[in-house]
Amino acid sequence: MAATSEITTLPVEMRSTLEISGAPEKDPEKVEDAEISEKSSVAAGEVREGPAPQYTEDQYRKLKRKADRYLLLLMWLCYGVQQTDKTSIGTQATFGLRTDTGLVGQQYSWLTTVFYITYMCFEFPSNIILQRYLMGRTLSCYMLCWGVVVLCIGFAQNFTQLITLRALQGVFECCISPGFILVVGSWYTTREHASRSLVFQSANAGFGIIANLILYGIGSVQYSRPDFQAWRYMSYFLGGLTIITGLLCLLFLGTPSEVRWLSPEEKDIANARIINNNTGHDRTGIKKWRWEQARECLIDPCFWFAGINAFLSSVPNGGITTFGSIINTSAGFTNLQVILLDIPRNVASVVWFIIIGLITSRWKNLRMYFMIVSIIPPIAGFAMMAALPNEPEYKWARWTGYLITVPYVVALFLAWTLIPSNIAGRTKRTLTSSFTFVGYCVGNVVGSQIFAAKDAPRYIPGIVGCAVCFGLELVVLIAWRIILVMRNRRREKNLREQGISEEERVERGKQLGEQDCTDFKNPYFRYTM
């Protein structure tokens, strides 16, 4: 069959400048970029000419188990520390942070707002740094810096010092989530992205249980010693723990090409194992910026869905993390009770994460169904919190509404795992990741501001706003999944008409993925849902 006719039968988004009827030819410009990438990373000198060596399933399994042992617990700890560091301000507020530093009006809200503003402003530059330099070393340095900042918060005396430190905290924490997504994409196959990402993301609740018990112990001292400023010692503890974790990351965290605990052969096995993702290697040093991939983002609805979904999910997140403890204390619970009541909420979250991780690792294309299901209970939860009076006899009913908001984070976290699974092309993936986290930051900024001091203690406008955001997110997720289903069906139909077998599709997809082709330009690419 003629190559020209084959190409013209494909939809616009699937057309490639490469011939479909034969083996894809390497684009000299892209080959040159790959060479530059290798020289800029520790993988220099490891690239082999000729056909890639074949490895057994047993070798792949051993490599995966080794990666799990070294990475998953460490990433779980890092992510848990980060989440606790940035959200502990809500707990600290109930232990005297506002009165001891003289905060008035919306100043407390601005401590969260400024965090996400700097987080957003430095998100894109940090992503570029992660793509160009050794990812593990870069993430570790960021983590050490934010540990020092968290430690210093314990010494703050006024609003100026607090807001400056919170701004710096946003600068140094901005690359952790996107960095971990890139790490997962460089080690694991597409089928494994969701389960492995959910492991470290479960620390949002799992580590929260441990942290809450420790913070409870620190806070209880204040009851026997009224002059003891518990919130300061919470910062001392969290800052010191962050610094220790950063040092561990410096030793063990990174992509296959840069870690020291893999042999040269194991590094080759790790790279060969993820070739089927059709998104290339773990090489993070590609220097050339591809403007055609940037333009492609603007016409890809999924690029916009990723950012909008992150925004809609983060508005409630900003409100809950900043004002959840304050809302519960105003309902009649003590500050120590509020810490303990967060534990069942965290346990429920961990159980839900485990269920999703087990199911999505066994059966494919279920992620978006879980995302949709996970935002329905929070709508009911916020409705209950808005409708019930703020009286002591209703405090447990209001807390129940707060409890069932737990699953909403799944829609945000699983959307992050779709980036390494569904976005091919280094520049396009970098932009999509950055735009997603910009939406995340803007949402958290809005969420912290819609809970105004004048609306205390019930904060009805903020709570209703959160429920509306979840309703809109439900519509976005349904539309997002429909588009991905239609794309896959259209591509399968065209390749079926051309008589291309599944084996041929997989092999050609690998080759195009290695040439930094985007998912639009690679007609053999299949989207994960």
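Trainee: Why is Tyr108 called buried?

Mentor: Tyr108 has a relative accessible area of 5%, and buried means under 20%, with exposed over 50% and partly exposed in between, using a 1.4 Å probe and protein chains only, so Tyr108 counts as buried. Bear in mind that this is a predicted model, in which local features need pLDDT of at least 70 and side-chain atom pairs count only at pLDDT 80 or more, while totals for chains, interfaces and linings use all residues. Residues are numbered from 1 along each chain as its sequence is written, and side-chain values use heavy atoms, with hydrogens and water left out.

Trainee: How do you know which residues Tyr108 is in contact with?

Mentor: Contact means heavy atoms within 4.5 Å, and, leaving aside neighbours within four places in sequence, the partners of Tyr108 include Ile89, Gly90, Ala93, Arg98 and Leu103, as well as Thr322, Phe323 and Ile326. Tyr108 and Phe323 are 215 residues apart along the chain, yet their C-alpha atoms are separated by 9.9 Å.

Trainee: Which helix holds Tyr108, and what makes α5 roughly antiparallel to α15?

Mentor: Tyr108 is found in helix α5, where a helix is a DSSP run of H or I with at least four residues, numbered from the N terminus. The axes of α5 (residues 107–121) and α15 (residues 301–330) come within 11 Å and cross at roughly 150°, these axes being lines fitted to C-alpha atoms over the stretch in contact, with angles from 0 to 180 degrees between N-to-C directions. Angles over 145 degrees count as roughly antiparallel, under 35 as roughly parallel, 65 to 115 as roughly perpendicular and the rest as oblique, so α5 is roughly antiparallel to α15. In this contact, Tyr108, Ser109, Thr112 and Tyr116 of α5 meet Asn317, Thr322, Phe323 and Ile326 of α15.

Trainee: What makes Asn365 partly exposed, and why is Tyr459 called buried?

Mentor: Asn365, in the loop between α16 (335–362) and α17 (367–373), has 24% relative accessibility and therefore counts as partly exposed. Tyr459, in the loop between α21 and α22, has 6% and therefore counts as buried. Each has a positive phi in a residue other than glycine, near 60° for Asn365 and near 55° for Tyr459.

Trainee: How do you know that Asn488 is buried, and what does Asn488 touch?

Mentor: Asn488, in helix α22 (residues 460–497), has a relative accessible area of 7%, so Asn488 is buried. Not counting residues up to four places away in sequence, Asn488 touches Arg526, Tyr527 and Met529.

Trainee: How many helices and strands does the chain have, and what share of its residues is buried?

Mentor: There are 23 helices and zero strands, and buried residues make up 59% of the 529 residues. Among contacts between residues at least 6 apart in sequence, 84% join residues at least 24 apart.

Definitions and conventions
Helix = DSSP H or I, 4+ residues; strand = E, 2+ residues; numbered from the N terminus.
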